[in-house]
Amino acid sequence: MPRPPQQYANHAQYTPLYHFFTSPLALIFLVWSLTRFFSNPSYDTGYLLVGALALFGVVSVSRLSPLRAQDRIIRLEEQLRYQRVLPAALAERAMTALSPRHYIALRFASDAELAGLVETVIANPTMKGKEIKQQIRSWRADYFRL
């Protein structure tokens with residue numbers, strides 16, 4: 001079954017096992033362990049709290065590490081795309097002026113509207129990813145995001 005065309009309204013992706021099972025359970029276990037420790041402090045509840053903190057840390061890092069690596073890959077892909085699509089002077093300015101968050105948001109822009117959006121972002125470096133994505137008219141889908 002073909003996927004619906006990607007756009008701002010439907011571009012967020014969830015990993016059901018992480019977002020709806022593992023992460024909530026780790027958070028519930030941490031809150032439960034904190035509650036038990038503060039209501040009945042003892043070595044046993046302390047050990048339980050340490051275990052809950054460790055589990056929550058592992059669950060968080062297991063999600064954030066691949067996302068950080070993917071963000072670096074997106075930045076590299078976009079820098080190569082800018083060299084191919086943009087005028088040389090604009091591509092060079094983009095390399096020094098854009099933050100990783102800007103690259104991540106701009107990856108959805110079509111080649112035709114990329115130059116205008118890059119100039120807008122360079123002129124307004126405080127723009128957030130959400131603001132950039134909302135300005136995109138011709139969406140370039142990315143279905144491989146974690």
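Helix 2 gives the largest share of the lining of the largest pocket, namely five residues. Helices here are DSSP runs of H or I with at least four residues, strands are runs of E with at least two, and both are numbered from the N terminus. Helix 2 (43-85) and helix 4 (100-106) each supply at least two residues of this lining. The model is predicted, with pLDDT of at least 70 needed for local features and 80 or more for side-chain atom pairs, while totals for chains, interfaces and linings use all residues. Residues are numbered from 1 along each chain as its sequence is written, and side-chain values use heavy atoms, with hydrogens and water left out.

The largest pocket has a volume of about 280 Å³. Its lining holds 17 residues, and the closest to the pocket centre are Leu-67, Arg-101, Ile-104, Arg-107 and Arg-145. A pocket is found on a 1 Å grid over the protein atoms alone, as an open set of points where a 1.4 Å probe fits, with protein on both sides within 12 Å along at least five of seven lines. Lining residues have an atom within 4 Å of a point. Grid points are joined across faces, edges and corners, and the volume is the space filled by probe spheres set on the points. By residue class, the lining of the largest pocket has six nonpolar, three polar and eight charged members. Ala, Val, Leu, Ile, Met, Phe, Trp, Tyr, Cys and Pro count as nonpolar; Asp, Glu, Lys and Arg count as charged; the others, Gly among them, count as polar.

The second largest pocket holds about 200 Å³ of space. Among the residues that line this pocket are Gln-70, Ile-73, Glu-77, Arg-81, Arg-107, Arg-140 and Arg-145. The lining of the second largest pocket divides into four nonpolar, one polar and seven charged residues.

Arg-81, part of the lining of the second largest pocket, is found in helix 2. The residue is buried, with a relative accessible area of 3%. Buried means under 20% relative accessible area, exposed means over 50%, and partly exposed lies in between (1.4 Å probe, protein chains only). Leaving aside neighbours within four places in sequence, Arg-81 is in contact with residues including Leu-86, Leu-106, Arg-107, Asp-111, Leu-114 and Arg-140. Contact means heavy atoms within 4.5 Å.

Val-85 also lies in helix 2. Val-85 is partly exposed, at 26% relative accessible area. Not counting residues up to four places away in sequence, Val-85 touches Asp-111 and Leu-114. Gln-13 stands 72 residues from Val-85 along the chain, and their C-alpha atoms are separated by 27 Å.

Asp-111 is found in helix 5 (residues 111-123). At 36% relative accessibility, Asp-111 is partly exposed. Beyond the residues up to four places away in sequence, Asp-111 touches Arg-81, Arg-84 and Val-85. Asp-111 and Arg-140 are 29 residues apart in sequence, and their C-alpha atoms are 8.6 Å apart in space.

Five aromatic pairs were found in a search of the whole structure. In one of them, the rings of Tyr-14 and Phe-20 have centres 5.7 Å apart and planes at 45°, so the pair is tilted. Rings of Phe, Tyr and Trp (its six-membered ring) pair if their centres lie within 6.5 Å; planes under 30 degrees apart count as stacked, over 60 as edge-to-face, and the rest as tilted. Tyr-14 is exposed, at 55% relative accessible area. Phe-20 is exposed too, at 57%. The rings of Phe-29 and Trp-32 have centres 6.0 Å apart and planes at 25°, so this pair is stacked. Both residues lie in helix 1 (residues 16-39), three residues apart, about one turn of the helix. Phe-29 is partly exposed, at 27%, and Trp-32 is partly exposed, at 41%.

The protein chain has six helices and zero strands. Its radius of gyration is 21 Å, well over the 15 Å that the globule rule gives for 146 residues, so the chain is more spread out than a compact globule. This radius is taken over C-alpha atoms, and the rule is 2.2 Å times the number of residues to the power 0.38. Along the principal axes, the C-alpha atoms fill a box of roughly 65 × 40 × 20 Å. Of the 146 residues, 32% count as buried. Among contacts with a separation of 6 or more, 67% join residues 24 or more positions apart.
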